[in-house]
Amino acid sequence: MPKLTVDGIEVEVPPGATVLQACEMAGKEIPRFCYHERLSIAGNCRMCLVELEKAPKPIASCAYPVADNMVVHTDTPTVRAARRGVMEFLLINHPLDCPICDQGGECDLQDQAMGYGFDHSRYAENKRAVKDKELGPLIKTSMNRCIHCTRCVRFATEVAGVPELGATGRGEQMEIGTYVEHALTSELSGNMIDLCPVGALTSKPYAFVARPWELVRTDGIDATDAVGSNIRIDSRGPQVLRILPRLNEAVNEEWISDKARFSVDGLTRRRLDRPWMREGGKLRPASWAEAFAAIAARASGLGGDRIAALAGDMADLESMVALRDLMAALGSGNIDCRQDGARIDASRRDFYLFNSTIAGIERADAALLIGTNPRREAAVLNSRLRKRWLAGRFPIGVIGEAADLTYGYEHLGDGPAALTALLDGSAAFLETLKAAKHPMVIVGQGALARPDGAAVLAAAWTVAREIGALSEEWHGFNMLHTAAARVGALDIGFLPHGDGRGRDGILAGCEQGDVDLVWLLGADEIPMERLGRAFVVYQGHHGDAGAKRADVILPGAAYVEKDGTWLNTEGRLQQGFRAVFPPGEAKEDWAIIRAASAVLGATLSYNDLAGVRARAAALGAGRLDAPVGGGCADLGGPSGDPRALATDAFASPVRDFYRTDPIGRASPTMAACAATVAAPEAVAAE
Amino acid sequence: MTDRASPAAAYEGGPDNFAFSEATRKLAEKQIAKYPEGKQASAVKGLLDLAMRQMEDETGSRWLPRAAMDHVAGILGMAPIRVYEVASFYTMFKTRPVGRHHLQVCTTTPCWLRGSDAVLAACRRAAGNVPDGTVSEDGEFSVEEVECLGACVNAPVLWVGDYFYEDLDGQATERILEALKRGEHPAPGSAKGRQTSAPEGGPTTLKEVPPHQPYRPDPPAPEPAAPQADAGE
C-alpha cells in the first residue's frame, strides 16, 4: 500500500488510488466538477489541481495515480492561483444567470466560485450561445450553462447503459447532446440532474418551483418499486415538491429511478381527501362517522368467512398489521397481499427474498433471470446488474422476454421449456452456471403470477440447488418483487389463514356471492369487475380503480405522508418518515383501521405507532428481525412440482414502467413519459 | 440557408439509407483487420473516410450523411453517438453536403500574406457567392476557409478533393476552377511551374552535378614539427 504525505499528513491508500482520493482520505477537500466516484475518470475540468513535489507544474489530482513517498500540497499559493485560473476559464462562457437558474443554491460552480472566483470579469467579448437540447419530459436543458464536465455523458453510457448522450463538435463549438434530437430512453435519467454540477440539466417538472433553502428535508423510503430506494423528500408547507436520492450503498447507491423521483406531482392530483360513500349508485361526501357506520351496518351479522381483505402494493407494514388483526378479530381468514396472484410459498422466508442481496450482485459470477425484466421492474437494481456485467466475466441467461436490459445476455427461451431444459441438463448454459462460484437465480413475479407459478418457483429453486447456488456461504436464490409492500406483508403473514380464501378465492367468492364485504387497502391492481356485488371498502390515497368501485372510501395517506415501514425485496426493514400531512381529512392508514375496529366492535389493542410496531415485531418474529442476506441453511425447496410447468411464455408484470401505481397514474409527468416511450417520434416532433 | 450551422448539430436531410458497396466493404475489412480483436472501433476514422469516398462515387459530393455514420456504427458495434462524436470533431469529415468540388482555401498567415484573399475571392465568385459552407446553385462548388494546410512554402494553397493547387493567384485559381467545372483534372502542384518546392525560375544552387570526387581517406596528420629556436630572439 503506497504511503504519501498530503499537507503534512501521512496517509496510506490502496494501490491504484488517485491523488484526489488520497487527499480525501487525509481529510482535504478538493474542488472538482468532472470527477465523480461512480463514473470513469475524465480529467477534463482541471479544477482539482494540486501541487506535487518534484512535479514541474500542478497536477490534476483526479487522474493522477498515487505512488510511494509522494508529497502533495493542496493549499499553496500556486494551487490557489491555478484553480483561480481554471475557474476564470470556466466562467468565460458561463452565463451570469444564477438568479433565474434552478441550480442556484445547490450549484457546485456557484459554491466553488465563492472560493476561487474573481469578483469581476476580464472579458468584454460575447459569451457563446448554445442551442438548448430537447431530452424529453424530465430533463430541462440550458446548454449555455454547460461546462462540459461530461458527467451526464458518462452516466448515460456507464450506469444507465443507454449511450445516447455525447459531446459533438470540438473546441468552442463543442456541445453536449444527443446529436439527433430525441428523448432519453433511460429509466434512470433523472440522476443526471443530480450529477450536473451546474444548471445545464435541471428538473423539468420542478422548474422555477422552489429554492433549496425553502425546503424541509425528510428521510423517506421509496414505495414505487420493491427496491426500497432511500429517498430525501423535499417539501414546502403542505406539498412535496421533489424527491432526491439518499446514499445507501447496500440498496440504491446514490441513484433512484425516474418513477421514484418524478411521480411526485401525482401526490397532489386525484387525491381522496375525505370519506365518501355510495348512495343510490353515486358516491357522496361523508363524514368519518358516517363512513364507519356504513361499514359497521354492512358487516353486522356477517360471518367471518363472508369478509375479505386485500392489501395493495404500496401499503406500509403498520397498516397491514392493523388490517390483519382486524380481520382476525372479525373471524375472517380471507386475506391476501398478492394482488397479482403470484404463487409465492411463504413457508420459509428465503423462498420469497432477494437472498443474494443487491450489493451481493457484485459478488456473483453468473446469473439466470427467469420471467423478469429488471430494467422495468427494478431499474436501480438493474443498474447494479449492469455494473457487475461491466466488470466482466458475468454470463447472464434470460428466460422470458428478450428485452433490452442494458447488458448482454444469452436468451435461453421465452417460457418454461427453457427451464425444463436446464432441469434435465440439456441446456448448455447449465454448465456455465455450474462452473460459477456464486451463481444467482432471479425469479420475477411474471413467472409466478400464473397458474403454474408454484411449479416455476419449485423449478427455479431446483435449478439453484443443482448449480450449487445454495450453500451456507452464498444464497443464490432470489425473488425480485415489484411491490414495496409485498415482503413486509408476507413476513407478518398477510395471507389466507386456516381455510381462508386467497386472492383468487376472494375474487371467485365475490363473483359467486360468497363474500359480501371486501376491504381493499390500496389495492388497485385487481380486476374490479370480478368483485361482483360485494360491498367494497376502499382505503387508499388516490381515486384510482379501487375508489371507482368502492362503496365506502376511507382516505388514507400516501407513502410520504406517514411514518411507515417497508421491507424491500431483500427483506431489508426500512422506515420512512412523514414529510407532509395527508390532505384534508385523510389519516394515517393504521389509525383508520384502528378507529374502524372500535366501530366494528373488534377494538384493536394498540393506540399508538409504537404499539403497532410492537405488534408487527411479534407477528413477524424471526422474520422482521432476521439479518439481511446470509447463506442457505436448508436445501429443501418450496412446495410445488417442478415438472408441472405450462408452456406459455413468461411476461413481465410491468408493461408501462411509469404508471405501475396510483400515484404514477395520477402524475402528468409520468403520463408524458409514457407517451414519449410509446411514440418517441411524435414527441420529438413537437 | 444562411447561417453557418455548428458542426455539433446534426444535419437534417440526406439519404435515409446507406450501405457500403462490395468494393468499399473489402477496403473496410482491411482497415478493421489492422486492429486487434475487440478493438474494431479504432477503425472508425478509416471507415468514415471510405464512406465519404463512396458518397462521392455515388452522388459526386464527398460528404458524410447520418445514414452513413449509422452504417459505420453498425459495422463496428459502436453506439451511433460515439460515431457522431468522432465525425463532428474532425473537420475533414463533412457532415453537411458539399459541392462536387469542395474548395478549401488556406487563409492562415503565410497564405494570406502571399495573396490568399484573391484565391478566396475567385473561389467564392465561382460558387456564385453563396455563403461559405453551402453549395452553389449548380452543385459544382462549395467554399470553406481552412487553417494551415502545411504547404506554406508554396503559399497560397487551394485544396480540392485529394489535391493541393499551389502558388496561386486570382487568375490561376479561375483557370483551375473553370477546368474543374468542365470536368477536367487540372494538374495539381505549383501553378507557376515550380518543381515541388524548389525555387521559382529553377534552382539557384547545386545547378550542376558536382564533379565526381572519389572517396579518399584523410591524409595522415603531419608530424608535429620540432620547435625551432627563433634566431631573432
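## A tour of chains A and B

Start by selecting K192(B): this residue is partly exposed, at 41% relative accessible area (buried means under 20%, exposed over 50%, partly exposed in between, with a 1.4 Å probe and protein chains only). The model is predicted, so local features need pLDDT of at least 70 and side-chain atom pairs count only at pLDDT 80 or more, while totals for chains, interfaces and linings use all residues. Residues are numbered from 1 along each chain as its sequence is written, chains are lettered from A and ligands numbered from 1 in the order in which they are written, and side-chain values use heavy atoms, leaving out hydrogens and water.

**Stop 1: salt bridges**

Over all chains, the count is 68 salt bridges.

Now select R338(A) and D336(A). Their side chains meet in a salt bridge, 3.0 Å from N to O. Both residues are buried.

Next, pick R486(A) and D340(A). This salt bridge has its closest N and O atoms 3.4 Å apart. R486(A) lies in helix α14 (residues 486-491) and D340(A) in the loop between β16 (335-336) and β17 (366-370) of chain A, so the pair ties together parts 146 residues apart in sequence. Helices (H or I, at least four residues) and strands (E, at least two) are DSSP runs, numbered from the N terminus. R486(A) is buried, at 2% relative accessible area. D340(A) is partly exposed, at 25%.

Then select R38(A), E249(A), E253(A), E254(A), E362(A), R384(A) and K387(A). Salt bridges link them in a network.

**Stop 2: where the chains meet**

Show both chains. How many residues does each give to the contact? Chain A gives 16 and chain B gives 17 (contact means heavy atoms within 4.5 Å). The area buried between them is about 1,400 Å², with 58% from carbon and sulfur atoms. Buried area is the accessible area (1.4 Å probe) that two parts lose on being put together, summed over both.

Select R170(A), Y179(A) and V180(A). They supply 48% of the area that chain A buries against chain B, more than any other three residues. Look for salt bridges across this interface: the rule finds zero.

Finish on the elements of chain A. β7(A) gives the most, with three residues.

Definitions and conventions:
A salt bridge is a side-chain nitrogen of Lys or Arg within 4 Å of a carboxyl oxygen of Asp or Glu.
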